[in-house]
Amino acid sequence: MNAQKKAAKKAAKKAQKQVLKTGGAPSPATSGHAIGPPNAETTGALAKGPGTSTVPNLPSALSQKGSLLPLQVVINPNLPLAERPVVAMAVAVLSNTVNDLDITSDHRSRHTAMGMEEGGAVTGDFAMARYLSRRSGDGMLLPSSPSGQALVDAWVDYAQSLTLLETSQKMIALSMTLHHALATSTYLVGHALSLADLALFAVAGFPTQAKDLAAAKSQLPDHAVAASRWLSMMASHPALQEATQLCVGVTNSFEAVFDGEMEPLVSGMNALEGAVAGRVVTRFPPEPSGYLHIGHSKAALLNDYYARRYKGRVLLRFDDTNPSKEKAEFEESILVDLGKLEITPDSVSYTSDYFKPITEYAKILIGEGLAYMDNTPQEEMKTERAERQESKHRNQTPEEALKYFQEMSSGSEEGGAWCLRAKIDMQSDNGTMRDPVLFRQNTTPHHRSGTAYKAYPTYDLACPIVDSIEGVTHTLRTTEYNDRDEQYQWIVKALKMRRPRIHAFSRVNFVNTVLSKRKLTWFVENGHVTGWDDARFPTVRGIVRRGLSITALRSFMLSQGASRRVVNMDWANFWAENKKEIDKTAQRFMAIDKAQHIRLVVTNGPKEADFAFSETSCHPKDPSLGSRAMRLCDEVLLESVDVKDIQLGEDIVLLRWGVVKISKIGGDLEGKFIPNGDFKAAKKKLSWIANVSTSTPVVLYE
């Protein structure tokens, strides 16, 4: 063991010299200690510079474009995980700023790099992590006190020096360091996770995945209890696992594995960015103002699929923020229709459950000067927004805004002229960012809360707030909301709330099909259809009544994937897929047109009075579906169209019975049953039914 310690010391000193040669920071190992906790006095170069000095060659994205876009992160997917920005991603997740980053894959890039908001770029995981820590102002990751920052910087510099060692030497040095540093504490600095822990965890290879953790622990000495415990604790941290997933899945082709394998993605589906099994929460938020149609079914099925695939939860939330449109009837119908789709939400909630906290958050925006009250007429406001003109009330004080907000909320006639608007950017090229309306008065009694509220939040305000409160991790939204995504992120960022990740997908469009709930309601109210379950309607109830297989619908929607490409689908293709699915389990029966048929007399067949039957399979390709009795008779009925060119002496096959040789044509047919006849030689294989009084009449509607 002494020999190992000496080798580790020697290697650490060699690494220290190499770091100094390349412009890096000196290692705490030079302070006179054995490989142990760093000395804050030895910190320096990496904390002061932009981080690019330690890397002689810039990424190709930098050399070709001159600079990266602000907060654009470039990752080469060909590099091993240890050379990807896992520490920086962990900092971004922990500081609730990961949604600010534009993470891109670049096979040409030689190193990890990130564009800075101030211009220029920073290269290297640790340097990027320091930049993001300082940008977020998170006092846990990087303490605000000079002494705390110096201590964290010392640990980061120490970790930087260890990266030059061989793996076995790194793990020995790490175990010795943690043995002393964690003798009476859980974390390296203070009482919470900091950048120091992240940097040292990266030295061990950032082993959050099960196989990597096992490999890292196998490199530790037998007595390294503190190091083993610390590695397990760090590996199980949700933020660190999410950071790993972001780096591993940068090309959307691979996923990190933490606790057991996940089922493969259905063909056409993409992995959720940063998704960790067991922690994914999705939501389906329909407005209870109509019945679900096929377009809603895609959103519901995608949310359900991702939640189940990642062993997470799917929430059903009724977006009941407009009492003028919503009814309890529609809520009940949505629950029933989700049952038809075989979707069972893990919880059911209502946006109206959160009216009180949403109102308080609105007041916070007012108090922070991020929202104001406006009584500009609607058409004039629309014109001002189009022309990028600020409202005359935009610069009112928070006190004035709060007074008018309370007046609006009281339900008074005077308050009805006012609405709450976000103060964002009237010059933005994105129209949704030009001070959108967040709250309006509506004195219509709410079907759940009655007259308790006289003003209601818009969907644009309520959705991000409730998503954050309910723990939604991935917000699936159709591409028609793309412009509003920036607004969504502004609201949760302005309120300093947890920020869900937005995942966009294209809506379902069918040619010559109306999916507007307003227009569908018109058809129902004016009696042009029998109801919301009319088989001609694109509602869930309508298509199920028409014969839709839920398995076929699920397969069809998932095959479209969660891509953003908008496609106009043809119903013929949809029903063709449905037929393929039904064909797998549908029992086989035969029917003949009552008006357009020909009678065939089988001269040696059984009489009707004999009640002769033959046993046949319910499905020729699936014996597990069993068998049924088939009635035989000397008179059978054939479709006229099937026998119009039949020849005298021709052999035909009566399906499921046998071969008949035709002996008479012209009008009714006659023929003789041929036992053990040659099925393959006969060209015509015809459907038929016995012409008996007990046949079942069937009406076909098309």
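## Exposed Phe-611

Phe-611 is exposed, with a relative accessible area of 53%. That figure counts as exposed because the cut-off is over 50%. The model is predicted.

Phe-611 sits in a loop. The loop runs between β16 (597-602) and β17 (612-617). The backbone here has a further feature: Phe-611 is not a glycine, yet its phi is positive, near 50°.

## Arg-388, another positive phi

Arg-388 also is not a glycine, and its phi is positive at about 60°. The residue belongs to the loop between α15 (378-386) and α16 (398-410).

How exposed is Arg-388? Arg-388 is partly exposed, with a relative accessible area of 29%. The value falls in this class because buried means under 20% and exposed means over 50%.

Strands of a sheet pair through backbone hydrogen bonds, either parallel or antiparallel.

## Inside the sheet: β21 and β22

Which way do β21 and β22 run relative to each other, parallel or antiparallel? They run antiparallel. Strand β21 covers residues 658-664, and strand β22 covers residues 669-674. Five bridges join the two.

Methods: Residues are numbered from 1 along each chain as its sequence is written. This is a predicted model: local features need pLDDT of at least 70, side-chain atom pairs count only at pLDDT 80 or more; totals for chains, interfaces and linings use all residues. Side-chain values use heavy atoms; hydrogens and water are left out. Helices (H or I, at least four residues) and strands (E, at least two) are DSSP runs, numbered from the N terminus. Buried means under 20% relative accessible area, exposed over 50%, partly exposed in between (1.4 Å probe, protein chains only). Two strands pair if DSSP finds at least two bridges between them.
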